[in-house]
Structure formats: C-alpha cells, structure tokens
Amino acid sequence: MSKVALVTGGSRGIGAAISKALQDAGYTVAATYAGNDDAAKAFTEETGIKTYKWSVADYDACATGIRQIEEEVGPIAVLVNNAGITRDAMFHKMTPQQWKEVIDTNLTGVFNMTHPVWSGMRDRKFGRIINISSINGQKGQAGQANYSAAKAGDLGFTKALAQEGARAGITVNAICPGYIATEMVKAIDEKVLNDKIIPQIPVGRLGEPEEIARTVVFLASDEAGFITGSTISANGGQFFV
Ligand SMILES: NC(=O)c1ccc[n+]([C@@H]2O[C@H](COP(=O)([O-])OP(=O)(O)OC[C@H]3O[C@@H](n4cnc5c(N)ncnc54)[C@H](OP(=O)(O)O)[C@@H]3O)[C@@H](O)[C@H]2O)c1
C-alpha cells in the first residue's frame with residue numbers, strides 16, 4: 001500500500017508542484033488549502049488529488065481535518081508544511097494584525113499541523129516532516145519582519161523536533177527556497193523583479209516550483225533517513241548560510 005503524504009497549501013504554487021511530484025513518486029496525496037475553492041477544484045479535477053479546506057492557523061480545525069484525512073485516506077507518513085502568506089510592510093507601518101496573521105499561519109500553523117500527526121508517526125516508528133521556510137528566514141528581508149521572524153522560527157522548530165523524532169524514525173527537515181516563480185512572487189512589481197531581484201540571483205533566473213518539489217520527494221524518501229534537522233537552501237546561489 002502506498003504511503004500517505006499531506007501537503008498544506010497543496011493546491012497552488014509550490015505546494016501544487018509538491019503534491020504532483022509526490023503523487024508521481026507513488027504516494028497517495030491529500031492537499032489542504034485556505035479559501036481558493038476554484039483553484040482547489042481545478043487542481044483535483046486535473047490530478048485526482050483530494051483537497052480539504054481549513055486554516056492551518058486554527059489548531060482545532062487542523063486536528064479535526066487530519067483525523068478526517070486519516071480515516072478517509074490512511075495514516076499520514078509524510079507531512080509537508082508548505083502553506084504560507086505574506087503581509088509585507090516596513091516595520092514602522094506594520095500593524096499588529098499583519099504581524100499576527102503571518103505568525104499565526106507561517107509559524108503557529110506549522111505547530112498546529114505537526115502536533116496532531118506526531119503521536120501516530122511515533123507509534124508507527126516512521127515519519128517525514130518537511131517544512132517550507134524561506135531564504136528570508138535565513139537572511140532577513142526589509143519589509144518582512146513578520147515573515148522573516150516566522151520563517152526563522154520554522155528553522156528552530158525543525159532543529160528541535162528533529163532531535164525528538166530521531167529515535168522514533170521521524171526525520172524533520174526544512175527547505176529554504178529563494179525566489180520561485182509562483183503567484184506570490186509574480187505579484188511583485190515587474191520592474192522591481194527585473195531590475196532589483198533577478199540581478200541578485202547568481203543563476204540569473206527565478207526558481208521553478210518543481211525544483212522545490214524534487215527536493216521534497218528526496219527528503220520524504222526512505223533513502224533520506226540519515227538526514228534530519230537540516231536546512232536545504234534552494235536559492236540559485238543568492239545566499240549561503
Ligand atoms: N514563492 C516563493 O518565491 C517563495 C520563496 C520562499 C518561500 N516560499 C514559501 O513557500 C510556500 C508556498 O509559497 P507559494 O509561493 O507557492 O504561495 P502561494 O502560491 O500563495 O500558495 C499558498 C498556498 O498556501 C495556502 N494557504 C495560505 N494560507 C493558508 C492557511 N491559513 N491555511 C491553509 N492554507 C493556506 C493557499 O491556499 P488558497 O489556495 O486557498 O489561497 C495556497 O494553497 C510558502 O510557505 C512560502 O512562504 C515561497
């Protein structure tokens with residue numbers, strides 16, 4: 001029987017590429033999303049992958065949704081914490097609401113999704129948690145104090161949990177994408193993208209969602225069992241830790 005992989009924010013952007021790559025690698029995939037019903041419906045029609053709607057910022061919704069998926073699809077072997085948002089503003093203009101929304105989704109959401117799957121993974125002595133952080137969690141980014149703090153928090157969470165999961169056969173790793181060609185990045189003003197962002201990327205282009213997806217498939221595999229607590233940068237050479 002194929003292993004079950006759950007991808008948050010798995011119906012669009014990088015998450016959709018991750019869902020498809022895991023499906024191609026033989027996993028039974030379930031994907032969650034927040035509110036874009038049209039994108040989720042089109043994604044399910046295209047791929048056959050079931051989608052489930054709730055906010056990762058809501059712990060009870062995560063616990064209930066994960067229970068439903070485990071009943072319908074099977075025990076979750078691979079969790080990809082990919083859902084994320086931006087609410088950018090320079091700090092002097094950043095509102096408490098912008099801070100809270102990003103922390104609640106990008107950091108607390110990772111706790112909310114991981115906590116309900118953890119005991120089952122421990123009991124089954126196998127699990128793969130893969131957290132999609134960001135280059136801006138590694139280096140910081142002006143206008144993104146909220147996002148950079150949340151994404152850096154995801155890296156601390158990854159390293160701590162890797163130590164707890166190691167003896168139980170659970171690996172916990174993070175991927176830090178640089179600028180990837182998704183709606184999140186295409187929303188940036190084209191002039192800013194071409195004149196300021198792309199010139200900072202040594203390979204001279206944005207990354208493709210599939211390049212992140214292939215890294216996820218590798219970390220999810222049985223062969224990656226010795227890799228835990230690691231942070232893999234996939235940023236076209238833009239930043240080295
Ligand atoms: N794109 C980049 O260049 C880049 C770079 C570094 C890191 N990242 C990270 O990679 C991840 C994916 O980014 P992306 O560019 O693919 O984003 P995207 O195209 O905006 O897609 C985000 C996905 O997350 C879902 N989502 C948002 N808030 C959610 C919530 N509260 N609960 C559940 N799902 C939620 C969205 O659901 P709906 O479809 O319902 O809106 C959507 O499926 C994010 O964590 C992002 O921070 C992206």
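Quick housekeeping. This is a predicted model, so local features need pLDDT of at least 70 and side-chain atom pairs count only at pLDDT 80 or more, while totals for chains, interfaces and linings use all residues. Residues are numbered from 1 along each chain as its sequence is written, and side-chain values use heavy atoms, with hydrogens and water left out.

Okay, helices. They are DSSP runs (H or I, at least four residues), numbered from the N terminus. Two packed helices are described by the angle between their axes and the distance between the axes. Here the axes are lines fitted to C-alpha atoms over the stretch in contact, and angles run from 0 to 180 degrees between N-to-C directions.

Back to that opening pair. Helix 1 (residues 13–24) and helix 2 (residues 37–47) have axes 12 Å apart, at an angle of about 20 degrees. The two are therefore roughly parallel: under 35 degrees gets that label, over 145 is roughly antiparallel, 65 to 115 roughly perpendicular, and the rest oblique. On the helix 1 side, Ala 16, Ser 19, Lys 20 and Gln 23 meet Phe 43, Glu 46 and Thr 47 of helix 2, where contact means heavy atoms within 4.5 Å. By class that is two nonpolar, three polar and two charged. Nonpolar covers Ala, Val, Leu, Ile, Met, Phe, Trp, Tyr, Cys and Pro; charged is Asp, Glu, Lys and Arg; the others, Gly among them, are polar.

Next, helix 3 (residues 59–72) and helix 4 (residues 96–124). Their axes come within 7 Å and cross at roughly 40 degrees, so this pair is oblique. Helix 3 passes helix 4 in a right-handed crossing. The contact includes Tyr 59 and Ile 66 from helix 3, and Phe 111 and Arg 124 from helix 4. Its classes are eight nonpolar, two polar and two charged residues.

Helix 4 also packs with helix 6 (residues 145–165): axes within 8 Å, crossing at roughly 15 degrees. That makes helix 4 roughly parallel to helix 6. The crossing is right-handed. Among the residues that meet are Trp 99 and Phe 111 of helix 4, and Phe 157 and Leu 161 of helix 6. This contact has 13 nonpolar, six polar and three charged residues.

How values were computed. A crossing is left-handed if the near helix is turned anticlockwise from the far one by less than a right angle, and right-handed if clockwise.
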